[in-house]
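Hi there,

Here is the structure I promised to pass on. Have a look at it first, and my notes on what turned up follow below.

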Amino acid sequence: MSGPSYSLQDLADKVNGKLIGDPEIVINAIATIQNASLGCISFLANSKYKKFLSTSSASAIIIGQEHSVELKTAGIIVDDPYAAYATLSLMFNSHRNPYAAQPVSFFVHETAKVHKSVVIGPNVYIGPGCKIEENSVIHANTSLVMNVEIGKNTIVHFNAVLGSDGFGYASNEDGYIKIEQLGKLIVGNDVEIGSGCTIDRGAIENTEIHDGVKLDNQVHIAHNVILGENSAIAASCAIAGSTIIGKNLKMGGLSGILGHLNIADNVLIGAHTLITKSIKKSGNYIGIMPAQEQKDWAKSSVFIKRRKTK
Amino acid sequence: MSGPSYSLQDLADKVNGKLIGDPEIVINAIATIQNASLGCISFLANSKYKKFLSTSSASAIIIGQEHSVELKTAGIIVDDPYAAYATLSLMFNSHRNPYAAQPVSFFVHETAKVHKSVVIGPNVYIGPGCKIEENSVIHANTSLVMNVEIGKNTIVHFNAVLGSDGFGYASNEDGYIKIEQLGKLIVGNDVEIGSGCTIDRGAIENTEIHDGVKLDNQVHIAHNVILGENSAIAASCAIAGSTIIGKNLKMGGLSGILGHLNIADNVLIGAHTLITKSIKKSGNYIGIMPAQEQKDWAKSSVFIKRRKTK
Amino acid sequence: MSGPSYSLQDLADKVNGKLIGDPEIVINAIATIQNASLGCISFLANSKYKKFLSTSSASAIIIGQEHSVELKTAGIIVDDPYAAYATLSLMFNSHRNPYAAQPVSFFVHETAKVHKSVVIGPNVYIGPGCKIEENSVIHANTSLVMNVEIGKNTIVHFNAVLGSDGFGYASNEDGYIKIEQLGKLIVGNDVEIGSGCTIDRGAIENTEIHDGVKLDNQVHIAHNVILGENSAIAASCAIAGSTIIGKNLKMGGLSGILGHLNIADNVLIGAHTLITKSIKKSGNYIGIMPAQEQKDWAKSSVFIKRRKTK
């Protein structure tokens, strides 16, 4: 792969860092400090890797002021090496629009409005009443079912489904009467929605995903959820209908939140945990049964069940 | 959006309700009682919203007999306002076939039989030996792998996979021998299968999803499961192979049922619960560790593990 | 369906078994011992089904030496009837390439290298830098995002996403800076990846799925995971980033493993369990709260929370 290459000066300028060494050094890849080779830039974000400073083959290393005296190579001194690495990573992605070179087939309903700067992958389906604003990307094999409004600079990854029917039925003696889902799904700016996610549109009012939200793969969000800005949800979580969530939720993988709850700002939910009640104060919430070897777990299990009746 | 509009009389007739007020009032949307505006019909299904009866801007409200004296607007009196709302919601969906107006490309294997009334979305794959009966809908980007038989009036939502290979292997000294999956997946009438679901076909005999079943998004059902009629399963659940389930199962999100079990009729399983044994009597089953603040959870966790050895 | 048919001699030769009865018997299907009909071959792999030996309508039965005296029909005697059934099942699959007869449309990026023997289904997306070796199959509606390398004889099932962006961000005062994912996803030989799975490519170094791994449907594997050979993971599991797993992991459905852990060879993880710490020795690990009727669970729940403070 012959990707992009830059001078060390270019990279130092990009992150407003202080350059140490030859500004003309050519950098064509990012590598970890222990596995870097010539032409690579690396970074020291965790001091447990400091021991590699003296042996790394990196051409340059991004480093904080506090460790910079130990630098044996060229480098860039910054306040936050991890953030600087993130910023530079964008410069080494050679395929922001992988669909540019070849013809691509997708479906856009006649009532949908898609800004001309939007990138759309093959086999994307954009249904009735959808709107997509500037510089957003809808990747291959994704479906936008109906009434989905997406802001600017938002990325919807592969094989996701947005604006699907919420799971709504009224019961009668014969079984279920389907409730048609007449609301929208409103997605803000700078959102990322992972591959295989499903987000339902609202039943009457709307489902809302606010600015800056990041969803990992295979997350499910039900109808009428409101998810506050800059929330980040790990893979395989599910949030039930009509729950309202504040800003900056962080949620570990495989966790769930029941429906019709209110979750405060700045809540952290551990992995594989179910939230069954509203949360009024920020904090770190966990509800897992500790994993043990089978024979120990069996004793704990009996203990939990036996003591309940006392 | 200029969608459908109806007279209040039309709507009252549809739900066999008693009309209060001017039968010529024009209704062009459904709204919640607190947020309705002129031209909207709303409904009172939960008495905690009764306080909005006096302030709602709805043009009409669907209401039970017991609250009808408090009605300040036009209305429709019915036995079950929620069911009436569900029935009317169908009339306000303007896109039952969103694919009608534009050319659509999909794949139907030469051995598949699809009734001419079936609606098929773009990029659908319908593989060998599949059959689909009258008035069913297969939405965009869904795959029907092989030997999938679907009844009448069934909806398969977006990016689902039906009739996938069951997870079956025999072990030998080198690893695994794949067991080809030679059975069918039989789906009944009036079923809904959510976006991103996966349902395997049988290994030798069939997987069966009976009439009236409703699956939310991202549900997984393994080979040779039999799922009884009118069962409803919330998002992100998984049911392992060869389990046989009676009628009217209700299952909260992120829950699982192990394989080779028998589950009685009318069982309710809470969210985020694993069923490890057959269930012989109807009832409400739960198995979650209560979520707590991290410091409290840590104490419970130590307690569970320490006491196990006594 | 008129599928393949074989003489009993053909089948006995295939599994190196001892033929009992007429070698010319025609076999055109595999069936369970209790439901077999004329023309079917069945097998006895679990002695609880032995009672059907005398009543089965199967034309022949695959059986171990220890039960062969009880055989009432023709048969094939083998050491491992279940493995022999698995081997024969392949001969009754008439659709290894269901796409052969009809034109199929898919996307292959100009920088991707796909061996000419690879089978590709409709609507598959194969992005930049991907490589696929001999005899692998990529089924319909699957996306290979970028830098995905797949070995020989590997099957990727329907609507899966391989090589998706890992979930990586650096935080700053405004929210998140996206970390471009510059590594690869390397998948070995003889791997199966289930429908609806998502596997991220590496952030800097690679994600690796080793030879012989089998993933059921809707499994998620995050960036930089290394999953050892012959591991088998049931549906709806998730493994977080940078976890390194040995050979022969077996993992029940809906389970998770946190990130940055090390898991030894030959570990068995029960269903619906979360692994939060590295595992150094092989064994069987479980962490579920036992499911109980709601009133009993409520008592256990109170007990767990109350005792924590003592």
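Predicted model: local features only at pLDDT ≥ 70, side-chain atom pairs only at ≥ 80, totals over all residues.

**How the chains meet**

In strand E35(C), the residue that Glu293(A) has as its bridge partner is Tyr285(C). The strands around that bridge, E36(A) and E35 (residues 283–286) of chain C, pair in the antiparallel sense over two bridges. Strands count as paired here if DSSP finds at least two bridges between them. Strands (E, at least two residues) and helices (H or I, at least four) are DSSP runs, numbered from the N terminus.

Residues are numbered from 1 along each chain as its sequence is written, and chains are lettered from A and ligands numbered from 1 in the order in which they are written.

**Chain A against chain C**

This contact takes 55 residues from chain A and 57 residues from chain C, where contact requires C-beta atoms, placed from the backbone, within 7 Å. Helix H2 (81–89), strand E36 (292–293) and H3 of chain A each supply at least two residues of chain A's side. H3(A) gives the largest share, six residues. By class, that side has 23 nonpolar, 26 polar and six charged residues; Ala, Val, Leu, Ile, Met, Phe, Trp, Tyr, Cys and Pro count as nonpolar, Asp, Glu, Lys and Arg as charged, and the others, Gly among them, as polar.

**Chain A against chain B**

Here 57 residues of chain A are in contact with 55 residues of chain B. Among the elements of chain A that each supply at least two residues to this side are strand E17 (161–164), strand E35 (283–286) and helix H3 (294–307). The largest share, five residues, again comes from H3(A).

**How the copies are related**

The copies use different surfaces, as 19% of the contact residues of chain A recur in chain B.

Enjoy exploring!

How values were computed
Contact = placed C-beta atoms within 7 Å.
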